[in-house]
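User: I'm new to this and want to know where the labels come from. Can you take me through them?

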Amino acid sequence: MARLRVGVLISGRGSNLQVLLESCADPTFPAEIGLVISNVADAHGLERARAAGLPTLVIDHKVFPSREAFDAQMDAALRTAGIELVCLAGFMRLLSAGFVEAWQGRMINIHPSLLPAFKGLRTHAQALAAGVKLHGCTVHYVTPALDDGPIIAQGAVPVLAGDTEEDLAARVLAVEHKLYPLALKVIAEGKAGSANPKASLINPPV
Ligand code: GRF
């Protein structure tokens, strides 16, 4: 069976990219990574991708006159590489409406909170400030509104007494690393239709 061809967009550490590329290294996994793009030239994730022998591309947003021009370059690179699904993995740029519309239903993101709670940045600090007892991460389709698309999968962790932001981040990240490959597998197997997001909810082992 043909494997779903995935492009991963990163800006930094790349630990989610790492688990995706490890899953995709298994020939029986239903997806393969065809391109890794970083907007940051020294992102550690690029080293991870190169070590795995994956094609990489640096597209520096700072040299483009507009967000649209930067996104058009990414769009062209993804299409040239035959990418069918885009995975955002710590990609720290807002995307233009045109790019999101072009890839809608074919672009997913992992966000470190149980959406719709705690959108945006500093999600672990937001969770501690709110006093929630459950926190976690979400894989969702990307739509024009930030951190707002149909939910594909979520993983939850407890918030424990005395937790710092770092404690919580580490506990959530460990679940992210299970959740993202699992969500990708479900999508690649055609079991997470964007037309019916409710049918695509899964409960990962955490
Ligand atoms: C993760 O916490 C992810 O949920 C968020 O950005 C972080 C990226 O981490 N979108 P890494 O680069 O994958 O290690």
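Predicted model: local features only at pLDDT ≥ 70, side-chain atom pairs only at ≥ 80, totals over all residues.

User: Why does F118 count as buried?

Analyst: Buried means under 20% relative accessible area, exposed over 50%, and partly exposed in between (1.4 Å probe, protein chains only). F118 has 16% relative accessibility, so it counts as buried. S23, in helix 1, comes out at 17%, so it is buried as well.

User: And why is R122 called exposed?

Analyst: Its relative accessible area is 56%, so R122 goes down as exposed. R122 lies in the loop between strand 5 and helix 5, and its phi is near 50 degrees, a positive value in a residue other than glycine. F118 has a positive phi too, near 60 degrees. That loop also holds P116, which is joined to L115 by a cis peptide bond with omega of about 15 degrees.

User: What makes F70 and F91 a stacked pair?

Analyst: Rings of Phe, Tyr and Trp (its six-membered ring) pair if their centres lie within 6.5 Å; planes under 30 degrees apart count as stacked, over 60 as edge-to-face and the rest as tilted. F70 and F91 are 6.5 Å centre to centre with 10 degrees between the planes, and that is stacked. F70 is in helix 3 (residues 67-80) and F91 is in the loop between strand 4 (85-88) and helix 4, so the pair links parts of the chain 21 residues apart. Both are buried, and ring pairs link F64, F70 and F91 into a cluster.

User: What makes R106 a charge over the ring of W103?

Analyst: A charge sits over a ring if NZ of Lys or CZ of Arg is within 6 Å of the ring centre and within 35 degrees of the ring normal. The charged end of R106 is 4.3 Å from the centre of the W103 ring, and it sits over that ring.

User: How do you know that the largest pocket lies between the domains?

Analyst: Domain bounds come from an automatic or database domain assignment. Domain 1 (1-103) and domain 2 (110-206) both give residues to the lining, so the largest pocket lies between them. Helix 6 gives the most, with six residues.

User: What classes of residue make up that lining?

Analyst: Ala, Val, Leu, Ile, Met, Phe, Trp, Tyr, Cys and Pro count as nonpolar, Asp, Glu, Lys and Arg as charged, and the others, Gly among them, as polar. By those classes, the lining of the largest pocket has 19 nonpolar, 13 polar and eight charged residues.

Technical notes: Residues numbered from 1 in each chain as written. Heavy atoms only, no water. Helix = DSSP H or I, 4+ residues; strand = E, 2+ residues; numbered from the N terminus.
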